[in-house]
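This report goes through a few features of the structure shown below.

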Amino acid sequence: MVEKKRTETATANAEAPARSSGDAPLAKTWTTQKARVSVAKAYKMFVGGAFVRSESGRYFQVQGARGSDADPDPETVNVPRGSRKDVRDAVLVAKNALGGWEKRTAFNRGQILYRLAEVMESRRPELVQSLVRSGLAEVAAAAEVDASIDRAVFYAGFSDKYFSLLASSNPVAGPHFNFSVPESMGVIGVVAPERPSLLGLVSTVLPVVTGGNTCVAIASAADPRTAIVWSECVATSDMPGGVINVITGHAKELSPHLAKHREVIGIDAWIVDADLRRTVESEGADNVKRVKTHVPMDAEGWLDERTGQGLGWIERFLETKTVWHPVGV
Amino acid sequence: MATSLTKTGGTDIERKVEPAGLDFGRAWEYAPAPEASDHVKIDPKYGLFIGGRWVSPRSGKYFQTISPSTEQVLAEVAEANAQDVDDAVTAARDAYDKYWSKLKAADRAKYVFRISRAIQEKARELAIVESMDGGKPIKESRDVDVPLAAAHFFYHAGWADKLAYAFQGRKARPLGVAGQIIPWNFPLLMAAWKLAPALACGNTVVLKPAETTPLTALLLAKIIEEAELPPGVVNIVTGAGETGAAVASHPDVNKVAFTGSTDVGKRIQRALAGTTKRLTLELGGKAANIVFADAPLDQAVEGIINGIYFNQGHVCCAGSRLLVEESVHDVLVRKLRDRMQTLRLGDPLDKNTDVGAINSKAQLERIRELVASGEEEGAERFSAPVKLPEKGFWFPPTFFTNASQSCRIAREEIFGPVLTVMTFRTPDEAIEKANNTMYGLSAGVWTDKGSKLFMLATKLKAGVIWGNTFNKFDPSSPFGGYKESGFGREGGRQGLAAYLEVE
């Protein structure tokens, strides 16, 4: 597809010679072949269940090939460049959504996550198209979307299981009833890997919310569009607003703010840059944050069910609460 | 009198406060009942326990450890510097590679069982030294610290060859060398909390005890030597903050476990940024102890006393904020005052002593400073009418009423026998106030109503919730904090994760 486009451009340029040798060549091909003028989407961040621009008014541009001839997106797309304040606003929203989300029954959370899988399945072509736009081959894009949907189903089914796997009744040496249960931590910050842009985001966000936490995720800057398309899936599932928030922008700029924020109790950061990983770990110490940083896996690692999902993914953002009560008459 | 102050049928509470009835004066005085300590042997000088041998410190330096109740010097203890710590880590690494990781898990278990048994055999000696070096009452060191320390080794020993059951369907392997730094409030017990799971999970250890209370850890090193553990599996380096920093920052340490103040915990967390070291932190607390009007008030008073005056309040999970339902505030405070008349403060080795010595001069000054701030901020102070010995470091059991949530005594960890009493009107207000802290280690709830108790247990943001009880510990019961009280658990199946890589 990219090849074809280049040819077209070359032809167009040949037909329209520059007025003088110093002028820039025509940047775009302009044809009248299309049946209608398409309506391109303004990409926005997803905060509190709504699609919003950055309060800063800033943007960054993403280049990409068209997913298909019917693709309404232009080759250059403007995406909000989230700011410190956007992160802080999102954290506040996530904090407010926490009470409602952790109060829901595990069964209900599972139903909502399953609903998300259903919506992703029905929007499968759109997700694939978005990944293709970002440069993936059709086959690789399809595999990533399939794995992402399956991952949502995996966590949907886990929401009412992890509790009994992690809880315990403890035989203390005395007349006390003693048990330990897993409990959500609070607002978790996620710095999603650059690639895979969809599967990486889904694999990091879903275990966090399965455990009853809410989250603020910084999407891949390499392909923020797919994160937003996925956010549209979240918005049309029954996920309450504010449980999953997706900020677009530069991880290097935003993740230290997320790490510093005192209402964020944990961070799951998949960052290539070792200095940035250290900064996130160091800033997180300010409120004894549960900081988990990782060198991102390769695509195979994310696709593999043994390495890309599991109980441990949920467990790392859960607290253990132990309750004692005397036994007697 | 007591009955007239509690429930008078239904939920009506007798609000009238009777005049003092428990001012017994000299009637409470007991004859001294000191625990004999002539059979206890403390060496005049202790070296470092590295690679299975007692060695002089490369630093060439020694420091004194004193009894906080008499200010007498008990022994001289080696001060490990960075080189000594490096020796200890090297010894631990060698022991991990050569012996501990090659040993059959069942055999590893037997070594840990041996430690538990030897602690039981030497229990009285350990209790006496603990009380001498740390200032805690002998009845606590004898009945709580030492038996629990033995129990911790016994419990974890059994896990060594059963780790595959602990994380079913997932693989678990040891981390390597663990660097562990422990505080002075439960010197032997904290050593047990750290060593037992680390060893059972197959790690080797460099342990740094607190500088004011190194003796029982050194006696434990003797036990480990006598139990014939492979050399270097456990190394004990004594010293102060610098020694601890050297342990935490040593590049060949795979895991750091720290129990102590939130400030130091944050510094360690920051220092470990950019490394692959695993970290668990058990830090400070400012626990709410919530008493509802329907609670059994006399039992609650016992729980409050135990919650804050146990171990002179040197307890990270101490119930230092008492939240009382407004309608029973006056009655409860009256009962608390009466009960405090009966507390005996004095010689830690006396078997009748309830409240011992403050662990160090520095800690005493911190307590005094915070108490002074409470008075300045307008809270009303009550201190138990106890006579403080002339020598040593002492502070009377104290509580404040009329304190606001913004007072320093209501926000900061005092780590002493000082309680701050506040009130609430509704369960929601109690939850709000209880959670209004950066800490989240523990909380207590006193009520007669099960459903109310479990509602609060769910909503309180704390790692341990004591319902109609307080300050209970057990090796099978996971302990650890939410929020700035740290992360990771100690005890129980969940606690094993701190010393294993679980896939």
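In chain B, an open sheet of mixed pairing is built from three strands in the order β1-β5-β4. Strands (E, at least two residues) and helices (H or I, at least four) are DSSP runs, numbered from the N terminus, and two strands pair if DSSP finds at least two bridges between them. Because β1 and β4 of chain B each have a single partner strand, they stand at the edges, and one side of each is left without a neighbour in the sheet. β4(B) pairs with β5(B) in the antiparallel sense over five bridges; B:Gln64 has B:Glu76 in β5(B) as its bridge partner.

| Strand of chain B | Residues |
|---|---|
| β1(B) | residues 45-46 |
| β4(B) | residues 62-66 |
| β5(B) | residues 73-78 |

The model is predicted: local features need pLDDT of at least 70 and side-chain atom pairs pLDDT 80 or more, while totals for chains, interfaces and linings use all residues. Residues are numbered from 1 along each chain as written, chains are lettered from A and ligands numbered from 1 in the order written, and side-chain values use heavy atoms, without hydrogens and water.

In chain A, 14 of the 14 residues of α7(A) are buried, that is, under 20% relative accessible area with a 1.4 Å probe, protein chains only. A:Gly212, with a positive phi near 90°, follows α7(A).

Methods. Buried means under 20% relative accessible area, exposed over 50%, partly exposed in between (1.4 Å probe, protein chains only).
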